[in-house]
Amino acid sequence: MTQSAHAAVWLLIFATPVALYVAWTDLKAMRIPNMAVVALLAVYLVVGLITLPLPVWGWSLLHFVVVLVIGFVISLTGGFGAGDAKFAAAMAPFVAVGDLRLFLVLLCAVSLAAFVVHRAMRALPFIRRATPDWQSWERKEFPFGLALGPSLIFYLALASIYGS
């Protein structure tokens, strides 16, 4: 891991509530609010500025721009929603370039697990009765925020333990 353990702990503390909120809102409404995207980016801007070396913090903002452009292209092709693209872009500065391969493997694993759990849960009548207004049970699309949020949490948790 190349992410600083000290920075990762602080980023984890402040990013976790936003990431969990995104997973929940995407499950419930199949929507990631812009407010959550802005909140996550604000966490990075403030906490990252305090905990990371200034050049690292500044260059990592380029990750936001690159992932936003790639995400919108994928969104235009129907690969996933615009909210997913925006949230992935807001997550991008949190990931150190040296950890990109690890993060992508983690994202793939969490995405597969989230997909399987989501499909299994929506097939259970007692779950559907407990959450009757959740749109993700009815739609064929997968609420990718359910994978994005936890992937960021798991990455930051690993970085806080194994980081430099």
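The questions and answers below concern a predicted model.

Me: Which pattern does the protein follow when read along the sequence?

Reply: In this predicted model, the secondary structure comes to seven helices and zero strands. Read along the sequence, the protein therefore follows the pattern α-α-α-α-α-α-α.

Me: What radius of gyration does the protein have, and what would a compact globule have?

Reply: The C-alpha trace spans about 50 × 35 × 25 Å along its principal axes. For 164 residues, a compact globule would have a radius of gyration near 15 Å, and the value for the protein agrees with this, being 16 Å.

Me: Among contacts between residues at least 6 apart in sequence, what percentage join residues at least 24 apart?

Reply: Buried residues make up 46% of the 164 residues in the protein. As for contacts between residues at least 6 apart in sequence, the share that joins residues at least 24 apart is 74%.

Me: How many residues apart in sequence are the parts that K28 and D133 tie together?

Reply: K28 and D133 form a salt bridge, with their closest N and O atoms 2.4 Å apart. Because K28 lies in helix α1 (residues 5-29), whereas D133 belongs to the loop between α6 (125-130) and α7 (145-162), the pair ties together parts whose separation in sequence is 105 residues.

Me: Is E138, the partner of R128 in a salt bridge, buried or exposed?

Reply: The side chains of R128 and E138 meet at 2.4 Å, N to O; since R128 lies in helix α6 and E138 in the loop between α6 and α7, this pair ties together parts that are ten residues apart in sequence. R128 has a relative accessible area of 27% and is partly exposed. For E138 the relative accessibility is 59%, and because the cut-off for exposed is over 50%, E138 counts as exposed.

Me: With which residue does R139 form a salt bridge?

Reply: A search of the whole structure finds three salt bridges, and one of them has its closest N and O atoms 3.0 Å apart.

Me: How far apart are the mean positions of the positive and negative charges of the protein?

Reply: The protein exposes about 8600 Å², of which carbon and sulfur atoms supply 77%. Its charges comprise 10 positive and 6 negative ones, and the distance between their mean positions is 4 Å.

Technical notes: Residues numbered from 1 in each chain as written. Predicted model: local features only at pLDDT ≥ 70, side-chain atom pairs only at ≥ 80, totals over all residues. Heavy atoms only, no water. Salt bridge = Lys/Arg side-chain N within 4 Å of Asp/Glu carboxyl O. Helix = DSSP H or I, 4+ residues; strand = E, 2+ residues; numbered from the N terminus. Buried < 20%, exposed > 50% of the residue type's maximum accessible area, 1.4 Å probe, protein only. Rg over C-alpha atoms; globule rule 2.2 N^0.38 Å. Contact = heavy atoms within 4.5 Å. Areas by Shrake-Rupley, 256 points an atom, 1.4 Å probe, with all protein chains shown as cover. Lys, Arg positive; Asp, Glu negative; His and termini not counted. Charge placed at Lys NZ, Arg CZ, Asp CG, Glu CD.
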